[in-house]
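Hello,

Here is the structure I promised to pass on. Please open it and keep it beside you while you read my notes.

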Amino acid sequence: MKTGKKAALAAIVAGAALALAGCNSGIGTSSGGESGGEGGGEEMTIALIAKGYQHQFWQAVKQGAEQRAEELGVTVTFDAPATETEIDKQLSIFQDAINAKPAAIGFAALDSKACIPLVEDATAQDIPVVYFDAPCDSDAGLSLAATDNTVAGALAAEHMAELIGGSGQVAIIGHQQTAGTGADRRDGFEEKIKADYPDVEIVDIQYGDGDQLKSADIAKALIAAHPDLKGIYGTNEGSAIGVVNAANELGLKAGALTIIGFDSGKAQIDAINNGLEAGAITQDPIGIGEMVVQAAYDAAKGKTVEKFIDTGSHWYDKSNIEDPEIAAVLYE
């Protein structure tokens, strides 16, 4: 039986098409009420700007945001570019959000530097900004609700090293260089390997923009260029699924290449269950959505908010994928 967050995640796929339609409709989709809950009847709108609609991860974040908005009795809008490569589109959405004068803005940066003027503009107009998933490089943002991605990358490295027997060649397929999540998950992995596993060599780091097709092509090229390659680490859902698809296209048997991913999604869950993917790091996307709305609400009310809210990360594989703690933060 599905309960709690697991039940909420089960509804995400059904709602994805509606959310995709909303990404081209100005400020985006909205939910929540204008009275009741802790909102005390006062009208409040919080604008959330995500990185994209490309992956089910963002639908899970949206689900959490809507749940907390309903509890607080506020309205949230949720908008994003269609894919995580459209930096200019995201900045345009941010400007539209500022123009709409919400009580607060939650922002997940695709480019941590390009967003600085907009964050500072919003703040100058007394619109508090809080970050989720990935921050902008501006101290004007009051809070970040996210996974500690450096820790998560190190956790992936520990399992990679263990699974390949402590030695051998591995590669990384990252999703982005400009976003903090991509850099931190890469750096956490790389630093852990260099510090604790001297016999493991990272032979290459490539970037596929979180796109499954591009990441699959990169994975096939890496496998061809490095015949002794033992493992590939994909730093987000699209990257990892690309590696899985490459392994399938090349006819690799389970265990021939150690694949470690990030987040979940049906393709990764199936690959882990059938042994093609060794395991992955899961975040708590619903928790991220809940916490960013709470932080935005508190900031709009003039309350002090925590600078960093670590929403946690966990390793999962075939042995623990059904454990309640893990199952609650996975999505298909």
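Is R186 buried or exposed? R186 is buried, because its relative accessible area is 16% and the cut-off for buried is under 20%. One caution before going on: this is a predicted model.

R186 has a charged partner. Its side chain meets that of D187 in a salt bridge, at 2.8 Å from N to O. D187 is partly exposed, with a relative accessible area of 23%. Elsewhere, E158, K192 and D196 form one network, joined by salt bridges that share partners. Across the whole structure, a search finds 12 salt bridges.

Now go to helix α3.

This helix covers residues 56-72, and K62 lies in it. Which residue does the K62 side chain meet in a salt bridge? The partner is E66, at 2.6 Å from N to O. The pair also counts as a polar contact of 2.6 Å between side chains. K62 and E66 are 4 residues apart in α3, so about one helical turn separates them. K62 is buried, with 12% relative accessible area. E66 counts as partly exposed, at 22%.

Find R68 and E71 next. Their side chains meet in a salt bridge of 2.8 Å, N to O. These two are 3 residues apart in helix α3, so they too are separated by about one helical turn. R68 is buried, at 13% relative accessible area. E71 is partly exposed, and its value is 46%.

How many residues does the largest nonpolar core have? It has 32. Inside this core, I46, L48, F132 and V293 have the most contacts. Several elements each supply at least two of its residues: β2 (45-49), α3, β3 (75-79), β5 (129-132) and α11 (285-300). The largest share comes from α11, with 8 residues.

Take I46 as an example. Leaving out residues up to four places away in sequence, I46 touches V74, T75, V76, T77, A104, V293, A296 and Y297. Select these residues in the viewer to see them around I46.

There is also a second, separate core. This one has 20 residues, including F94, I98, F107 and V119.

To recap, helix α3 holds the K62 and E66 pair as well as the R68 and E71 pair.

Best wishes

How values were computed:
Residues are numbered from 1 along each chain as its sequence is written. This is a predicted model: local features need pLDDT of at least 70, side-chain atom pairs count only at pLDDT 80 or more; totals for chains, interfaces and linings use all residues. Side-chain values use heavy atoms; hydrogens and water are left out. A polar contact is a pair of N or O atoms within 3.5 Å; within protein, one must be able to donate a hydrogen and the other to accept it, and residues adjacent in sequence count only if both atoms are side-chain atoms. A nonpolar core is a set of buried Ala, Val, Leu, Ile, Met, Phe, Trp, Tyr and Cys residues joined through side-chain atoms within 4.5 Å. Buried means under 20% relative accessible area, exposed over 50%, partly exposed in between (1.4 Å probe, protein chains only). Contact means heavy atoms within 4.5 Å. A salt bridge is a side-chain nitrogen of Lys or Arg within 4 Å of a carboxyl oxygen of Asp or Glu.
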